[in-house]
Every structure is written in C-alpha cells, then in structure tokens.
Amino acid sequence: TLQRDGSDYSAAIMGRLLESRNITIWTDVDGVLSADPRRVPDSYILPEVSFNEAMELAYFGAKVIHPKTMQPAIMGNPQIPIYIR
C-alpha cells in the first residue's frame, strides 16, 4: 500500500526520474497557509516556502505535504520545485 501521501510521493519520484522542471501536488487546499485556518481566521496562503521551511512545518504537524514527498525533489541537482495547488 502507498500509505499517507503515497500518490504525492510517487509523483515526486516520477518527477525526479523524468527530470521534470517542477512537481505539482493537487490537494484540497490552495497552498501552504500561514497558520491553521480553523484557529486563525486571517491565515493566508504563503507565496513561497523553502524546502527547509516545509520540512519544519511538516515536522510540527502540517499535513499539506509529507517530508518523504520532498526527498526526491531535494535530491540531485537541480532541485525540483514543488507546487501545492
């Protein structure tokens, strides 16, 4: 089984193997938010987040992207940007 975010991880692996210019993850949110919208009504979409920032957000519980999904995008040169749509 693919488990949590398995399809996102598969997309990242394929993106790396195919030497893609970017990886797009389609989800039920419009991007990475500044805060939990259930707790902070004025949260907003962050226009850009570094891989390190995304890893830290995931570590502290953000569910928008799993750290293992970022691994194929970070590995190698050049790194592949991930877009959350």
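**Terms and values**

Author: Serine 43 sits in the loop that links β1 (23–25) and α2 (51–59); helices (H or I, at least four residues) and strands (E, at least two) are DSSP runs, numbered from the N terminus. This is a predicted model, in which local features need pLDDT of at least 70, side-chain atom pairs count only at pLDDT 80 or more, and totals for chains, interfaces and linings use all residues. Residues are numbered from 1 along each chain as its sequence is written, and side-chain values use heavy atoms, with hydrogens and water left out.

Reader: Why is serine 43 called buried?

Author: Buried means under 20% relative accessible area, exposed over 50%, and partly exposed in between (1.4 Å probe, protein chains only). Serine 43 has 17%, so serine 43 is buried.

Reader: What does serine 43 touch?

Author: Leaving out residues up to four places away in sequence, serine 43 touches Leu33, Ser34, Ala35 and Pro37. Contact means heavy atoms within 4.5 Å.

Reader: Why does leucine 17 count as exposed?

Author: Leucine 17, found in helix α1 (residues 6–17), has a relative accessibility of 61% and therefore counts as exposed.

Reader: How do you know whether the radius of gyration of the protein agrees with that of a compact globule?

Author: The radius is taken over C-alpha atoms, and the globule rule is 2.2 Å times the number of residues to the power 0.38. For 85 residues a compact globule would have a value near 12 Å; the protein has 13 Å, so the two agree.

Reader: In what order do the elements run?

Author: From the N terminus on, the order is α-β-α-α-β, with 3 helices and 2 strands.
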